Amino acid sequence: MNEEGRAAGRGEGPEAANGNAPFEGREGALATDALVAGLQPSELPAGGWERLSAAVGARRAEPVRREAGRAGTAAADRRAASRPGRSRPYVYAAIATLALAALAVVGTWGYLRGAEAARLRDDQRILAYWMSNPEMRLTALEPAAGVPTARLGVLCVLPDGRALVLQPSPAERGSTYVVVGWGAGGLRELARGRENMLQFDVTDVEVVELRAERGDDVQTLALARLN
Amino acid sequence: MADTAVRDVELTRSLARGDEAALRQLYERHGGLVLALATRMLGSREEAEEVLHDTFYRLWQNAHRFDPERAAVRTYLYALARNLCLSRLRARRSRPVAADLDEHHVAYQVAMSADPDPVPALMAARALSVLDDGDRLLVEEAFFGGWSYSELAARHGLPLGTVKSRIKRALEKMRGALEAGR
């Protein structure tokens with residue numbers, strides 16, 4: 001990896017080379033993540049992946065193509081020569097079937113994308129509301145024993161007792177997030193759902209516990225103390 | 001529960017073994033923000049798309065040397081894209097004018113993407129909210145505009161030492177805010 005790559009791997013900018021590097025080291029890497037994460041993601045260009053795929057494919061195929069050139073061409077010629085002839089009606093029917101299948105796939109995909117976009121817009125509105133409140137308190141979820149920290153999100157709490165748990169991803173297929181609270185009144189369930197964003201009320205709650213429930217199997221993922 | 005960071009490490013390992021599907025997943029997951037960064041820095045969507053392509057092409061070329069335990073692949077991608085943008089800015093010998101940046105500037109907000117993990121954006125907004133306006137401007141100009149300390153000092157009529165200490169202090173505050181939430 002060249003110097004640029006090594007610097008990038010350390011989360012450094014090119015200024016590192018001349019000692020004038022505000023974005024080097026651990027702080028620089030964190031700031032880089034934060035500054036970029038705060039941008040609205042751009043829509044990827046149409047055909048962008050195809051161009052990239054072609055570029056990496058060309059690079060990978062280069063040595064192989066030279067060796068295989070003549071033999072590959074000859075084999076293709078043989079296959080073409082031995083292919084039986086097909087009647088036109090059969091070809092038209094196949095094309096029509098393929099076109100219908102493609103339409104169905106595109107229609108279903110469009111519907112699902114629309115539903116997903118609507119859900120994301122709702123989530124964005126909820127988050128924007130929470131972020132705009134200067135009294136919102138953010139608390140890290142502390143991992144339960146044996147749970148990797150990278151899997152955990154945060155708990156947001158407002159002074160009036162409203163709370164929001166944000167997880168990096170929805171619950172796994174077949175399982176549900178359950179939020180319970182411990183307080184003077186004992187244990188009570190606060191919220192449940194598969195979504196990565198759950199809202200509830202933490203009035204009189206001292207400790208919030210996030211669990212993953214799959215049938216009878218319940219695993220405690222994280223805890224957060226409110227006081 | 002599949003987490004973005006954990007999946008990124010797995011994908012990066014697959015990438016090092018020449019798995020093109022892993023490259024595609026990383027492209028679809030992080031490409032939107034890489035493109036947003038490049039557009040913000042260059043003020044040109046066309047050039048930003050070239051940077052997007054080059055960034056992931058270089059990731060592919062260097063994947064076998066990348067150590068996912070040492071740095072997150074998204075940080076690597078952002079830094080790589082930023083370096084490519086800075087090279088272009090240097091070659092131009094000019095920065096995008098304010099109007100260009102305004103056109104492409106996106107106010108920091110809680111943004112949802114194809115990978116709808118809301119936590120990084122929330123933390124980012126939190127980290128930036130601890131900075132006062134002046135320090136935040138210096139940090140943004142240094143990061144997105146690639147201005148050096150001395151250029152920023154001249155631009156804002158501040159002593160060089162003041163610029164250095166303000167940016168250093170701002171990054172420390174951001175780190176504090178981010179680690180407090182972790």
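Reply: **The sheet and its surroundings**

A:Glu142 stands opposite A:Leu223, which belongs to strand 9 of chain A. Before going on, a word on the source: this is a predicted model, where local features need pLDDT of at least 70, side-chain atom pairs count only at pLDDT 80 or more, and totals for chains, interfaces and linings use all residues. Residues are numbered from 1 along each chain as its sequence is written, while chains are lettered from A and ligands numbered from 1 in the order in which they are written.

Back to the strands. Strand 2 of chain A pairs with strand 9 (residues 217-225) of chain A in the antiparallel sense, over 2 bridges; two strands pair if DSSP finds at least two bridges between them. Strands (E, at least two residues) and helices (H or I, at least four) are DSSP runs, numbered from the N terminus. Both strands sit in an open sheet of 5 strands in chain A, with order 2-9-8-5-6 and antiparallel pairing. Strand 2 (142-143) and strand 6 (186-193) of chain A are at the edges with a single partner strand each, so one side of each has no neighbour in the sheet.

Now for a loop. A:Pro170 lies between strand 4 (162-166) and strand 5 (176-183) of chain A. A:Pro170 has 18 other C-beta atoms within 10 Å, so it counts as partly exposed (buried takes 20 or more within 10 Å, exposed 12 or fewer, partly exposed is in between, and C-beta atoms are placed from the backbone). Leaving aside neighbours within four places in sequence, A:Pro170 is in contact with A:Arg194, A:Glu195 and A:Asn196 (contact: C-beta atoms, placed from the backbone, within 7 Å). From A:Pro170 to A:Gly193 it's 8.8 Å, C-alpha to C-alpha, with the two 23 residues apart in sequence.

Zooming out, chain A has 4 helices and 9 strands, and along the sequence the pattern reads α-α-α-α-β-β-β-β-β-β-β-β-β. Of the 227 residues in chain A, 26% are buried. Take the contacts in chain A between residues at least 6 apart in sequence: 39% of them join residues at least 24 apart.

Notes. Two residues are in contact if their C-beta atoms, placed from the backbone, lie within 7 Å.
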